[in-house]
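Subject: Structure handover

Hello,

Here is the structure I said I would pass on. Please open it first; my notes on what was found follow below.

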Amino acid sequence: MKRGVARWSAKFIDGRLPRRSDINPLELKGLASYVFMIDVVYDPLRFKIRFFGTQLVQWAGYDYTGFVIGESERGPWRRIFDDYRTVVETRAPRFDERHAEWPGREFRLYERIVAPLSADGQTIDMLFGALHTRPSA
């Protein structure tokens, strides 16, 4: 996951945020099933899941593609909304280690990266992320 931050940083040139097109599918070979892409919508701020990798669907037990996360969310979705909002406000990637709230899973810990993308280099219009699980200690 930390390699993802390094890749994103390498594409952050002259204060311009990376674009979606800067995410090279060849760099993600073997990782796409762990990736998610989020559209950032403003007024009011909300996040629409554009792509939810197949491994994420398997872990979650549901394909969240098309799901919209708004400020009125409760529970785990509220925390996710706040995490994504922080990425938009700081214009910086975020790396988290969390306890999974998916009951009945063999793992309980996961690592997640979320990084901002921008078509014009300034306005964040998409978030790129990846999630990987770790065995419970």
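**The main core and what surrounds it**

The largest nonpolar core has 23 residues, and those that touch the most other members are Phe36, Ile38, Phe47, Phe52, Ile69, Tyr84 and Leu127. At least two residues of this core come from each of β1, β2, α2 (54–60), α3 (75–90), β5 (109–117) and β6. The most is given by α3, with five residues. Please keep in mind that this is a predicted model. As general background, nonpolar side chains tend to be buried together in soluble globular proteins.

Leaving aside residues up to four places away in sequence, Ile38 touches Phe47, Lys48, Ile49, Arg50, Tyr84, Asp125, Met126 and Leu127.

**Strand β1 and its partners**

Strand β1 covers residues 35–41, and six of its seven residues are buried. What does β1 pair with? Strand β6 (residues 126–134) is joined to β1 by five bridges, and the two run antiparallel. In this pairing, Met37 stands opposite Phe128. Strand β2 (residues 46–52) also runs antiparallel to β1, with six bridges between them. Here Asp39 stands opposite Lys48. The hairpin of β1 and β2 has four residues between the strands, and Asp43 takes a positive phi near 60 degrees in it.

**Aromatic pairs**

The structure holds nine aromatic pairs. One of them is formed by Phe36 and Tyr84, which are stacked, at 6.4 Å centre to centre with 25 degrees between the planes.

Are its two residues buried or exposed, or in between? Tyr64 is buried, with a relative accessible area of 17%, while Phe67 counts as partly exposed at 26% relative accessibility. Both residues belong to a cluster in which ring pairs link Phe52, Tyr62, Tyr64, Phe67 and Trp77.

Regards

Note on methods: Residues numbered from 1 in each chain as written. Predicted model: local features only at pLDDT ≥ 70, side-chain atom pairs only at ≥ 80, totals over all residues. Heavy atoms only, no water. Buried < 20%, exposed > 50% of the residue type's maximum accessible area, 1.4 Å probe, protein only. Pairing = 2+ DSSP bridges. Core = buried A, V, L, I, M, F, W, Y, C linked by side-chain atoms within 4.5 Å. Contact = heavy atoms within 4.5 Å. Phe/Tyr/Trp six-rings, centres within 6.5 Å; stacked < 30°, edge-to-face > 60°.
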